[in-house]
Amino acid sequence: MWEKLRSGDWLDAERLRVYPLMLLLLSAGCIAAVLMTAQGRFDANGHPLGTDFSQVWVAGLETLRGHPETPFDLQRHIAAQRAEFGADSDVYGWHYPPYFLAPAAALAHLPYLQALAVWQMATLALYLLAVLALMRGSTAPPWRVALLALAFPATLVNLGHGQNGFLTAALLGFGFLALPQRPALAGVSFALLAYKPQFALALPVALIVGGYWRALASAAAALLVTTLASLLVFGPESWIAFAQNLDVTRDLVVERGAAGFPKIQSVFAAARLLGADIGTAYAAQALVTTTTLAALVWLWRSGADYRAKAAGAIVATFLTTPYCLDYDMTALAPALALLVSCGLERGFGPYMKSALAAAFVIPLAARPIAAAAALPLGAVTMAALFTIILSNSRDACFRHAGAAPSL
């Protein structure tokens, strides 16, 4: 069995043909069932379609009404959500920096269901374009790449929540696609990820070690421009409210796991799920974060293929934050595409195929298994994938100066 896992021979052409198709059909069936049983804005269980998106749309309404600071006040934001979706509806907290008020306000010009459809389809298109671009020039036909990207279970999870995983994946994918030859454009792409500040550790380390100073300068400039624009449009009150809300976010969302620790896929949440207290969980996260960043420095200083380095940086982004959810795992797609592109060209190293298969399926299984058996397989799988990227980077097939297709 171990030899088959090591070689990846168990993942033969027939399984690669059948399993993704089965997952895609499962996703399509789930989406169809939800839509066919929905009543207006609500699914059959009374939850808003797109669940999490409901509060993004409400935050946009609050902003359009001239109160961009309101989403950061939990009680006022909950009251606004219940005013739109009913006194018994699900409610969600707003934890994004003011940058994300811009797309929220733009979408709030539309009725809820139209806004949800536009958001999902537009960001899904960007996600597919990024994955297809990363696989350009490989032996995999584009239709199969698109099928795999749609069959990736994180796609279904993100669609179900109406979340921003597609946008995160697209920005990471386009950023690393542009980095070798258009670093300034890559910097802008990375800077636009500022709505996810918890993802801010690994990328700067990779860019510094890789010597991508133009990308860093471009990212800093783009971040300055977007910050000044948000101050101009939404006022300093929105930033003051965001800063004041950080303690609530840390305590309620991260430390106490308001979303549920089975849904959160970080090392911190894994420790909490296993019964650790907050201090122990932070210690575990700090150890993994430090180790991961040190390993990332080694990887980016090595002679590994650029695609392996970029994939390692993306996976490290998840391992170095205490707060990432299962829908965020959509952003693993560009890492998987980079590793598959490299493997198809130069061969897959030991355990790489098995690790890719595990990372592909884990968004479907991570939350239910964690809820049923308190097993944090999401964090474990990502750690295993990162370890195997490091291990394979020593092999000849990963140590040539290969690069992802450029923009």
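How many residues does helix α9 have, and how far does it reach from its first C-alpha to its last? In this predicted model, helix α9 covers residues 165-178, which makes 14 residues, and reaches 20 Å between those two atoms, close to the 20 Å expected at 1.5 Å a residue. Of these 14 residues, 13 are buried, so α9 is largely enclosed by the rest of the structure.

**Nonpolar cores**

- The largest nonpolar core contains 94 residues, and those with the most contacts inside it are Y127, F176 and W300.
- Helix α6, which spans residues 112-134, contributes ten residues to this core, the largest share.
- Leaving aside residues up to four places away in sequence, W300 touches a set of residues that includes F176, L179, V209, Y212, Y306 and A313.
- Another core, of 15 residues, lies apart from the largest one, and V254, A269, A271 and L325 are among its members.

**Aromatic residues**

- Across the whole structure, a search finds 21 aromatic pairs.
- In one of them, the ring centres of W239 and F242 are 5.8 Å apart and the ring planes stand at 90°, so this pair is edge-to-face.
- W239 and F242 both belong to helix α13 (residues 236-255), where being three residues apart means that about one helical turn separates them.
- F242 has a relative accessibility of 12%, and because buried means under 20%, F242 counts as buried.
- One aromatic cluster is formed by F42, F53, W57, F85 and Y112.
- R41 lies over the face of F85, at 5.0 Å from the ring centre.

Definitions and conventions. Residues are numbered from 1 along each chain as its sequence is written. This is a predicted model: local features need pLDDT of at least 70, side-chain atom pairs count only at pLDDT 80 or more; totals for chains, interfaces and linings use all residues. Side-chain values use heavy atoms; hydrogens and water are left out. A nonpolar core is a set of buried Ala, Val, Leu, Ile, Met, Phe, Trp, Tyr and Cys residues joined through side-chain atoms within 4.5 Å. Buried means under 20% relative accessible area, exposed over 50%, partly exposed in between (1.4 Å probe, protein chains only). Helices (H or I, at least four residues) and strands (E, at least two) are DSSP runs, numbered from the N terminus. Contact means heavy atoms within 4.5 Å. The expected span of a helix is 1.5 Å times one less than its number of residues. Rings of Phe, Tyr and Trp (its six-membered ring) pair if their centres lie within 6.5 Å; planes under 30 degrees apart count as stacked, over 60 as edge-to-face and the rest as tilted. A charge sits over a ring if NZ of Lys or CZ of Arg is within 6 Å of the ring centre and within 35 degrees of the ring normal.
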